[in-house]
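The following note sets out points for a colleague who is examining the coordinates.

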Amino acid sequence: ATSAGVAASTAVLFAPVWTLTLAILWASLTLILTTGLKIAALVAHLRHGTPPRSVVLTRQGERFRMPRVSVLVPLLHEKEIAGQLIARLNRLTYPKSLLNIVLVLEAGDDTTRATLARTDLPDWMSVIEVPSHGDLMTKPRALNYALDFCKGSIVGVWDAEDWPEADQIERVVTRFNGAPENVACLQGVLDYYNPRANWISRCFAIEYATWWRVMLPGVARLGLVLPLGGTTLFFRRDILEKLGGWDAHNVTEDADLGLRLARHGYVTELVPTTTFEEANCRPWRWVRQRSRWLKGFLVTYCVHMRDPVRLLRDLGLKRFIGV
């Protein structure tokens, strides 16, 4: 990164016109490619429509044995979220005897620990405390540690403020039961429960609606690599463990994992169920969130592009261009 910064500074100093020209050309090229991808995704989505939302816990006319499902919920500096989270998850209609909610908190997070201490947790919820490890305190590291304490054959991820639809787990287990073995991950749809809070939240709601309900279904129809969101993800546990879980050093561990799944020949599908979350309504929180996303996307791209030939071989030409 330092070498790249020095090279860029040198180019700007000694050849400012050429540097600016190349930068504009590169920006124009990427804008054209991105716009082309969005148009292709829109056309693919409109041609195929939206899948049905019916849920029946049967396969080929016969009922199947419902699996145990574990869901990881990372917590950090939460003052009041615990009671609200329990109330929201109590609405889930999946049998609680087969549901294992794992609340994950960091060892030094006294705020969340105090919140949980004064909260009565149901027996289908457990708390896992991630031990300290130097300065590395990331969500993916916490998920990797807590994975060993999950009891289910299907492992999901929700955020602390998430509000999943009541029948979400049924939809997930039904699809996994009928899907081919190479379908390793199901991604739900994200939406906001506070879209009218202010102008920023309304913009977020529009963006999420186009991304989750148009772009991603179109990308899936085109057969490209499906980028994952950070929540409402459900995995076959054996495949997740085979891939080594999440990258503890990547701040967008979801994007990296989605690409690794594709490179190993696994498929990610969208499942028609929605989880509602809280939109960032304040400018500085919005800047911090977007900066983290962009940083993580750049890290993911650079990591997988260290050997472009191998990436091309793993994905094939069409999906390589998509990435």
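**Notes on the predicted model**

1. Helix α9 (residues 253–263) and helix α11 (residues 308–315) have axes that come within 8 Å and cross at roughly 65°. On that basis α9 is roughly perpendicular to α11. The contact involves Leu259, Ala262 and Arg263 from α9, which meet Arg310, Leu311, Asp314 and Leu315 from α11. Sorted by class, the contact of α9 with α11 comprises 4 nonpolar, no polar and 3 charged residues.

2. The axes of α7 (199–221) and helix α10 (residues 283–304) come within 11 Å and cross at roughly 30°. Because angles under 35 degrees count as roughly parallel, α7 is described as roughly parallel to α10. On the α7 side, Ile200, Phe204, Glu207 and Tyr208 take part, and they meet Pro283, Trp286, Gln289, Arg290 and Trp293 of α10. The residues in this contact of α7 with α10 divide into 6 nonpolar, 1 polar and 2 charged.

3. The sheet is open and has 8 strands, in the order β5-β4-β3-β6-β9-β8-β10-β7, with mixed pairing. β5 (125–130) and β7 stand at its edges; each has a single partner strand, so one side of each is left without a neighbour in the sheet. Two helices that pack on the sheet may be noted. Helix α4 (residues 110–117) touches β4 and β5, and its direction makes about 140° with that of β4. Helix α9 touches β8, β9 and β10, and its direction makes about 35° with that of β9.

4. The individual strand pairings can be checked one by one. β3 and β4 pair in the parallel sense over 6 bridges, and leucine 72 stands opposite valine 102 in β4. β8 and β10 also run parallel, joined by 8 bridges. Within β10, leucine 270 is the bridge partner of glutamine 187, and glutamate 277 is the bridge partner of tyrosine 192. Strand β7 (residues 163–164) and strand β10 (residues 267–277), by contrast, pair in the antiparallel sense over 2 bridges. There, proline 164 stands opposite threonine 275 in β10.

5. Which way do the side chains of β4 point? Leu99, Ile101, Leu103 and Leu105 point one way, whereas Asn100, Val102, Val104 and Glu106 point the other way, and all are buried. The strand β4 is accordingly listed as mostly covered, with 8 of its 8 residues buried.

6. The largest nonpolar core holds 31 residues, of which Ile101, Trp158 and Ile169 touch the most other members. At least two residues of this core come from each of β3 (69–74), α3 (81–89), β4 (99–106), α6 (168–178) and β8 (183–192). The contribution of α3 is the greatest, at 5 residues. Leaving aside residues up to four places away in sequence, isoleucine 101 touches Val71, Val73, Leu89, Trp124, Met125, Ser126 and Trp158. Apart from this core lies another, of 24 residues, including Val102, Ala146, Leu240 and Tyr266.

7. Most residues other than glycine have a negative phi. Histidine 77, however, has a positive phi, near 55°, and is placed in the loop between β3 and α3. Threonine 232 likewise has a positive phi, near 55°; this residue is found in the loop between α7 and β9 (233–236). Is threonine 232 buried or exposed? Its relative accessible area is 0%, and because buried means under 20%, threonine 232 counts as buried.

8. Arginine 282 lies in the loop between β10 and α10. Its relative accessibility is 58%, so arginine 282 counts as exposed, the cut-off for that class being over 50%. How far apart in space are arginine 282 and proline 74? The C-alpha to C-alpha distance between arginine 282 and proline 74 is 22 Å, and the two residues are 208 residues apart in sequence.

Terms used. Residues are numbered from 1 along each chain as its sequence is written. This is a predicted model: local features need pLDDT of at least 70, side-chain atom pairs count only at pLDDT 80 or more; totals for chains, interfaces and linings use all residues. Side-chain values use heavy atoms; hydrogens and water are left out. Axes are lines fitted to C-alpha atoms, for helices over the stretch in contact, and angles run from 0 to 180 degrees between N-to-C directions. Helices (H or I, at least four residues) and strands (E, at least two) are DSSP runs, numbered from the N terminus. Angles under 35 degrees count as roughly parallel, over 145 as roughly antiparallel, 65 to 115 as roughly perpendicular and the rest as oblique. Contact means heavy atoms within 4.5 Å. Ala, Val, Leu, Ile, Met, Phe, Trp, Tyr, Cys and Pro count as nonpolar, Asp, Glu, Lys and Arg as charged, and the others, Gly among them, as polar. A nonpolar core is a set of buried Ala, Val, Leu, Ile, Met, Phe, Trp, Tyr and Cys residues joined through side-chain atoms within 4.5 Å. Buried means under 20% relative accessible area, exposed over 50%, partly exposed in between (1.4 Å probe, protein chains only). Two strands pair if DSSP finds at least two bridges between them.
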